[in-house]
Amino acid sequence: MFPSIKNFVCSAIVATATVVAQSSVASILMTPTSAPDLVYDTPILNHTYSDNVTRPEDVLGFEVGQRVATPAQISELLSRWSTESARLQIVEYARTHEGRPLFSVFISTPENLAELEQIKAKIGRLTDARVVKEPEAKAIIDELPAIAWMAYSIHGNETSGADSAIASIYHLIASTEPSVTDMLKNMVVIIDPMMNPDGRARFAKSLEQYRGTAPNVDDQSLLHTGDWPYGRTNHYFFDLNRDFYFLTQPETRGRVAMINSWRPQLMIDGHEMDSQDTFLMGPPRQPLNTNIDTDLQRWGRVFSEEQGAAFDARGWRYYTGEWFENLYPGYSNYAEYRGSVHILYEQSRMAEDGVRRPEGTVQTYQESVHHQFESTMVNLQTLAKHSKAMYRDYWDGRKYNVAKNSPFADRSYVVLANENQGRMNALAEILQAQGIELFTNPDAIKVGATTLQSGEQLKSFEVPAGSMIIPNRQPEAPLIAAIMEFDASISDAVLTEEREKVLREGASIMYDTTAWNLTMMYGLPAVTVSTELSQQLTPWRAPSVTVALDADANAWWVNGIDDRSVAFAARLLEQDIQVRVIDRATEFSGRALPRGSVFVTAMDNQNRTDLPAKITEQASLLNLDVGSTQSGYGPGDLPDWGGEHFRLLTKPQIAILSQAGFSSYDVGVSWWSIAQFLGIRHSQLDAGYINRADLRRYNTIVAPNGYRDLGAAEMNALREWVKQGGTLIAHDGSAATLATEGGIGTVRGIQDSLEKAQEYDLALQRQRLSQTVNIDTSAVNARTVNAELSYPWDPELELPSKEELKKRDEWQRLFMPSGAIVAGRTDTKHWLTFGTEETLPLLYGKQPVLMTNGAAEAVVRVGTFTPNDAVEAKRILNWSTLPEGEDLQVRMSGLLWPEAASRIANSAYLTRERLGNGQVILFSGQPNFRGGARGTLRLWLNALIYGPGLGAEPSIDL
Ligand SMILES: [Zn+2]
């Protein structure tokens, strides 16, 4: 379960390497050929089993835990067992991108298995205390068996969990011992044996490839680490354990539907962690998300005490808490917010050879598997003991969620009506997948106290018609609160501990991002209303679109606010259709065309008789409404179709730089966005090869977050390619590399720009003034010279010295966030901001703080201005001047220390610079983070698809 927002895949491995190098490298090197003692009991050795069920080793060819079973072997075992045992039923709940099946293995008595649908229906009844009354609930609780969901190896290279699942399934279906047969009379165990078969297959393959003649117990070796992109993630390199409410991947979508319909009382998630670590079990330490039912925390301790006792009995080392906090709700722990006890297992990670430890011993892989197996069995026994009491607490929780006096009762979340239907549909889909009830208001509603995303509180507010309304008081109230509240509460004690850690060690106690609000991640304006909205509402329904094209029109267009318009343009361009985009809003035949609208004319495509058919095909696939027009006349001063605002696009030919040195997450999510969101082609290039590759094949190159510098030859190749007309888009660490002396373009990191702070401030002021022009006609028309002109700076105020600025910057850098959401102010006239609001929430971590002196455009800057008459004079904030009469807001959500807010204020999040015939576009962060950052994703889509046409010189084929 390695961290984190920076997504350095191998950070934990690197950290381990350091420990080993200091302590035990000598002992490893001195014993390279002596085979370590690998004899260890297989977990299922000392039990008695029915002869009618095939033993795992008969299919695997080795004892459970001796080797890593491949996904194919696990599938084969399951299919064999399904014909041999009446104690299991197998459901395939999804297929991976690579076509591998994902299974829920239901294990219970044949009698219970015959009743599964009825049991599920009863569980469903027990969830909604608005319709079920006390006597029925009591009766259901009396009848229901315990339900456990035991899931393993969501990170494919954390293999021991899935191997233990083989042992557990066999044990539960073949054991003749009463400890099992009695337990199953009152329990349905659902095992999800391998949550990420594509990642596991990748790691299993690397085990084959790196195997030599002798066992290898060095956890630094490739046998143990695997190689880029590692087995942790799925096909598109997504961390599936960060996908539980973004729901971008088929594995998660199928799994969540299954978990949500079964509402397990206990949910286990079996992982592995650092190779030299021991074993971590629940419960987590602070910070805990305040929306988690405290009963669940109490039960968590009950499970943990019995698990600890079982480990003590065998002399196994373990711990609880420590690094495992529980603030972020997007892991498998999302089920906790729906009423399940959630327990994490973290076993030290190793290949099947085992790992030499500093004390000289070797921990075998079989022991790892045994830890997971034992934990599974003891947790099931605890559940068997306490199931009824847990159901009673669950029911109390369900009543509380819909009670009139709970904190959920006087709160509604509202996503304001907007034209980005594609994004609204996507949001509705993932909320409904969690069983969250959505409504809309056919008419505007006047409401009282309302909080904006900025945190500003209004006494009254009008909710526009067509908004998405989510009253918090409904059965899934805690999950709704956790993902929709603007700012998760963090206690003073946690803040104190965190501050101490930052100051003492320059480190953080936060394991993941501290901000994740769904509407902010989606870049959709939303408010929280301090009442329960329930009147004048109808259920939310995604509008269904019938594409009815006027085939005789002169031109066709789709609304540019909708994100799907970019995919529409991309797919038509890929089929060599000429496409334009409108960079200033206009109106045709009485219909408004917002800027960014995609416009296809018959004139541009004179040889394409299939044009209406192609447009219809893509619009239908994307569920997009298409407007038609006979006339290209924009009334009044509005743009007409022959003018400069109807800009011809260039077919994008995209490459992503890839392989070692780049974050596999960021490579993967870029790949996924192109393949799945846009649905067009691209190439991934080995970055080590770019100075020899023929880059002329591409007009757009993406440099995902990288953590090694490009060599001079590679940098030169890219620079020359840009000058010839290429669009280079870089994220995070790669943006930092380009923004240095010897990089590409004039953007610099803040630490390198403080020598000339005044220049950067002037560029900032000039941009700000250009966006707030307020003409005093009489002053302009005056015939006498004005000796008292005002300037964007205050001559009385001086910026601090460069020494002071550098000192401050280094201090403030200590406090950079592990993940917070900050307010971005967008240049609303720039083509990169099509489909984007004036204020765009930005997920901000330990990323480069970009500065431009005006040579590069700052398309999005950090911080938004709000009027404040009390501010009478200009003020200096580090390198920049703040205007009078206004406050600058930076923090929107999560933990952002004032030092960090001050450091990043006014810096650029997104820059764009012309270089020769091409351009460089830098994102300070990762715009497609986890596939869930839909707001910043749009900026990236614009860059990728519109960049070659709008920002670079088109090449003309003669
Ligand atoms: Zn993990």
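Buried means under 20% relative accessible area, exposed means over 50%, and partly exposed means in between, computed with a 1.4 Å probe on protein chains only. The structure is a predicted model, in which local features need pLDDT of at least 70, side-chain atom pairs count only at pLDDT 80 or more, and totals for chains, interfaces and linings use all residues. Residues are numbered from 1 along each chain as its sequence is written, and side-chain values use heavy atoms, with hydrogens and water left out.

**Exercise 1.** Find where Asn 623 lies, and decide whether Asn 623 counts as buried, partly exposed or exposed.

*Solution.* Begin with the elements, where helices (H or I, at least four residues) and strands (E, at least two) are DSSP runs numbered from the N terminus. Asn 623 belongs to the loop between α20 (611-622) and β27 (627-629). Next, look at the backbone: its phi is positive, about 60°, although Asn 623 is not a glycine. Finally, because its relative accessibility is 30%, Asn 623 counts as partly exposed.

**Exercise 2.** Work out which residue in β19 is the bridge partner of Tyr 413.

*Solution.* Start from the open sheet, whose seven strands follow the order β17-β16-β20-β13-β19-β14-β21 with antiparallel pairing; two strands pair if DSSP finds at least two bridges between them. Its edge strands, each pairing on one side only, are β17 (457-458) and β21 (538-539). Then take β13 (residues 412-415) and β19 (residues 468-471), which run antiparallel and are joined by four bridges. The partner of Tyr 413 in β19 is Ile 470.
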